[in-house]
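Hi,

Here is the structure I promised to pass on. Have a look at it first, and then read my notes below.

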Amino acid sequence: MIHRPLSSPSLPFDYRIRSDPPPPKSIAYIKRTIDRVGQTLLTDPTIVAGLNESPLLMASRVCLRIAIFDPDLWQTSTASLLCSYLSRILLRSSRMNFRQQLFLAALLTLPGAHSAPIVVNAKVKHDGSMPHCTKTAIVHEELSRANKDQFLQSVIELKLGLYETACFRLAQSNVSSTSLLYTVGLSAVEQHYPITQHYQFAVPLITSSCKCDCSGGDDHCNPDEYNYNNCKSSQSSLCYRSYHPNQASVGCPLGETSELCCDISFTPYKDWRFSAVKIEEPQTFAIFNYRAYDWNNGDWQIVEEDEIRMRLDGGKQSADLSKETGINIKVLGTAHTNKLPSGMYFMRDGEDELRFDVQVNPLHGSRLDELGWFRLGSDGEYKVQNDNLQMNNLHSVKVMNCKEQKYNSSFNIVQQFVTPAGDNEKESFKENFNLGSIVSYSKPWIANLRVETRDETRNVIVSHRESNSIDVTLSVKSDESLQFVHNSSAVADFSGSIVLDSKSNRFLNLTLSDASGILHGSCYVSDGKEVNEFSFSVYVSSVGLSDASTIVPLPSNIDSNRYICLKADDSDKDEICHLLDFNSEPLPMDLSKVDWQQATGHCPGCNEITLSSLLHFLDPRNPKNDRNALHLIACNCVVKEADIDVFGELTESVFRQSTSINNSHSLAIMAVDLLELGVGEQLVLFGAYSYLLFSLLPTTTAIAAESATLAAIYLYLKRRWGYWKRLGVDGPSGNIVFGHTPEIISRGTDVVDLEWTKKYGKIFGTYMLAKPTLVVSDFDFLRHVLVKDFAHFTNRRKLPGTQRWDETDALVNKGLTAIDDQHWKDVRSTITPAFTTGKIKHMTSFLDDSLATLDDIISEHIESGKPIPVKDVLGCFALDVIAKSAFGMDIDAQRDKHSPFVKHATEIFSIKLTNYRIALGLMFPQLMRSLQNVFKFQLIFPEGDRFYKSALRAIIAEREKQKKPKLDFLQLLLNATKLEKSDPVEADKELVHDKAVGGKTLKLDEYDLMAQCFTFIVAGYETTSTTLQFALYLLTVHPEIQDKCYEEIASVVDETSQLTYDRLQQLTYLEKVISESLRIYTPSQRTERECNSAIDINGISIEKGVIICVPIWAIHHDPEIYPEPDKFDPERFSPENKASRDPLAYMPFGHGPRNCIGMRFAQLEMKMALAYLLHRFKFIPCAETESMPLKVRAGFSTMPAKPIFLSAVKR
């Protein structure tokens, strides 16, 4: 193989490609030939007539005469060779006219010429342009023969950059190459990004209209009509209503609070419509242009051409360029550094430019501060995601003067909407939106970009402007070799500038004149060229172009004007230098600000108080009302004339009679509270009381007594529901009877905790039924509750309906998670040795058989082609492990789905808060306790309680008979209870609770033993199986992370070795994955502590009985702690990132002395199960697999709203 330089690029298409001519025989032979040429010159009159021409032109005439009149001399190789060279030199002369060029070209076409024809002003049949043959880097050359009967194979390995073209000919040994010229060019590098989400949206123009009404008047503004309701909408617009209570009292009689009711209208701004798309990881393709040229009739003609598309990220690819010649191309896949990150992008309809650099809601997202929340539905109508739930959060208003209907209005979103500029400027608008940046403008490496959203395509296709060099192998299966050629490089001049754009892309923007090939550049501080700060090379792909543009990325030290010098490759000319200016664009600044706008409402009849307003005015949640409210309303407010007399008489009568008996009724209500009666019990008691009043007293007296009772209840409720306000703690308003319980049950703790924490801060007050509950995510406050002042917060809240007066016969009440005070301390200290590192390490042997069965079950699903019901499979596996490690029993839960162990374990967690048994326990706690005590039944989980008592009693009895019992959890408990005190050597030094609780060991009775075993079953079954299913789901929808886990596991465990405890400790990345899964889908969304004695923490007085709630889900999804909290990123738990966070920022197993005692066993089980499964299988989505984000069921524990199904393939 020979690289042969082509001639100067002054002739645009000068492909002088040929093998070397045969050398002359001798110097004497050349001299004799020149003599004969000279004699012809002197004797021929035509030649003599042209003596006034240049010597070269005259010599060419001599050659032409020799070729015509002296064939014998012309046939000598030396004569024809000399004439050819003379003619070629003249063809390059700028003094030659077209006629003279044709004259010399005719000479070269005569028989006997030894060189291939020269192209003069050639035009290619395909596109009028010939590629520039690149001087490619040859990496490897090989010529091989398999055996004597097979063909030779010539193999060339080279590197080919974007827009570069390799040109070659085929030649046999010792024979001149053919006239065919072959070219292979890398014409494009494309990335195809799959679109996984697509919807259309608009930027909304928001207008609002409100009316103000003072409390106590007619219901012109009431929550039933305005809170979470719609007003009239059309196809092109939406209308929602919002309700804003507890507004300023300005303009209201007696200073009572006012309330605002608003209609909020949304229309597409300027009828613009946008398309949002979510793209994922791309596939990269290289596009090669193959052509074969032949010289025919004075022109280069394309005789063969093809376009080959080959994948770059799929290993080595191969394709035949020409079946006739056997030319083959192979490409080695390579990773490309330039690519668009996965995520949401958008484009305006009618434009071809994709945009980014601004947050866009995913398909199921509904954030009001991101684009895409005002969305076009499939029915052609616009919608707002989670519409009614968001309206009160969207719209903020504050009353300036209710009587005059004056108020200020604003919207609680930073951008992505439009509002009228003022109350009287209906045609003027304030634009509060950001359409981001155009991707192709912000990414210099993008040549062009197109979006295809049709169902048949669904891709974003990006063509690159720059690319890594690609390893290309060319081979030909013949005895011919590849001879590569290249054009010389050239540049006439250049201009340009140094740019630092608004996205901090720093690059050199060059315009090159008459340039082709490889150009080498240097960057100098001054024209003295003392220091070369940066060297680069650019490539111009085609010859014959007057101007070409290119972009060169620059390092950050290029921060001012610089001297840039360019020089053509293989050129002996001096480099061209120019001083280029440095241009810097500032970073974009988002100065959008949402201002309050003054507005005037219209509400005829508002602020008039009538008799029908009485009950509304007596709302006890309003702290400004008092015992004299009725009298003040009657005397001072505007009341319709028809109601004045009746209203006044009723008011005076009620308060005359209530004065004497009000105290007794208050005592009665407080007595009800002291007895801790439930809401249902209080209602029944009040109904019985009313019945007695009307049965025993005259009607008038009964009405007076009933009214006084209502007044007393009102005062009591006002005080009870004002507990947090009196302490200066903010919080949401709740139901007057049930507090915040209905909202928490219906919406879920995950939703309300996030929403309320964002709105009211890290500490806010709520009410669970009548129980004041302080929700705290402030770490300093929590450190006092969970660690420093743990003695004041030892116990957890009791689940209503689970307790009886005689608690000795209830497993759920005797477990470690339910017992209180000293009893808990003693039991915890006693069973702690069962969870030391050495004991847990020994339990790994119980996992092997269960994992083998799990392997068989998943393999059966793969063979049958059925999706894997992840929770069912992993739940039975977890129960199998618990039975073996806790009791040494093989219950075969994975095969026997009807096992009572499986049935009753799943029954516990299938009970919902809306279950009638739970409802009875909540509404009638004292009644249910009494009934349970009298009739000896368990309200919650009765059948399971009976089964586990019977089973555990039999297991314990059998174990005590064994002489050599198995070393499992039950035996460790039995051994621990026989010790007079815990062995300090056995105690796990890593757990700090022993010192904190100050407990002592004791011999556990039968119920204690059964209760701890029962707790181990319940806690281990649900937590482990739920976490495993979420972890497998996250790894399935993030295959790159699953692959990384597999690589780590494969590096530690080979096909023959087992997963031992020590090997598991080396799987640090898998440990990060488990931690991140527990963060995103934490099993328990809340944990609680009950205050057992009054204490003051950070200025807040906590009374006995107050519940402190730790919103674990809200902490784990706090964007201030975990940016992009819904993103699955195991690196959050790298040692560096963990060290930068407060330890309380991660609490899947609780924190402090009352954390989960089985935490490390659960982590070991999850780690071993995941390592085994990922080593044996690759999990992939199936048709039933839901996309991210996965919806969870409303409740206190985290469960998927729908069952998770996955598929798998064996590795």
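Predicted model: local features only at pLDDT ≥ 70, side-chain atom pairs only at ≥ 80, totals over all residues.

Let's start with K1044, which is partly exposed because its relative accessibility is 41%. Residues are numbered from 1 along each chain as its sequence is written, and side-chain values use heavy atoms, with hydrogens and water left out.

Back to K1044: its partner in a salt bridge is E1131, with 3.9 Å between the closest N and O atoms. (A salt bridge here is a side-chain nitrogen of Lys or Arg within 4 Å of a carboxyl oxygen of Asp or Glu.) K1044 sits in helix 31 (residues 1039-1052) and E1131 in the loop between helix 34 (1112-1116) and helix 35, so this pair ties together parts 87 residues apart in sequence. (Helices are DSSP runs of H or I with at least four residues, strands are runs of E with at least two, and both are numbered from the N terminus.) E1131 is partly exposed too, at 29% relative accessibility.

How many salt bridges does the structure hold? There are 31 of them. Two others involve strand 40:

- E1090 and K771 meet at 3.7 Å, N to O. The pair links distant parts of the chain, with E1090 in strand 40 (residues 1087-1090) and K771 in strand 38 (residues 771-776), 319 residues apart.
- R797 and E1088 meet at 2.8 Å, N to O. R797 is in the loop between helix 18 (779-788) and helix 19 (811-814) and E1088 is in strand 40, so parts 291 residues apart in sequence are tied together.

Is E1088 buried or exposed? At 15% relative accessibility, E1088 counts as buried, while R797 is partly exposed with 25%.

Salt bridges also link E533, D559 and R562 in a network.

Now for the loop between helix 35 and helix 36, which is where D1142 lies. D1142 is partly exposed, with a relative accessible area of 24%. Between D1142 and I1121 there are 9.1 Å in space, C-alpha to C-alpha, and 21 residues in sequence. C1156 is in the loop between helix 35 (1135-1139) and helix 36 (1159-1176), and its relative accessible area of 33% makes it partly exposed.

Happy browsing!

Conventions:
Buried < 20%, exposed > 50% of the residue type's maximum accessible area, 1.4 Å probe, protein only.
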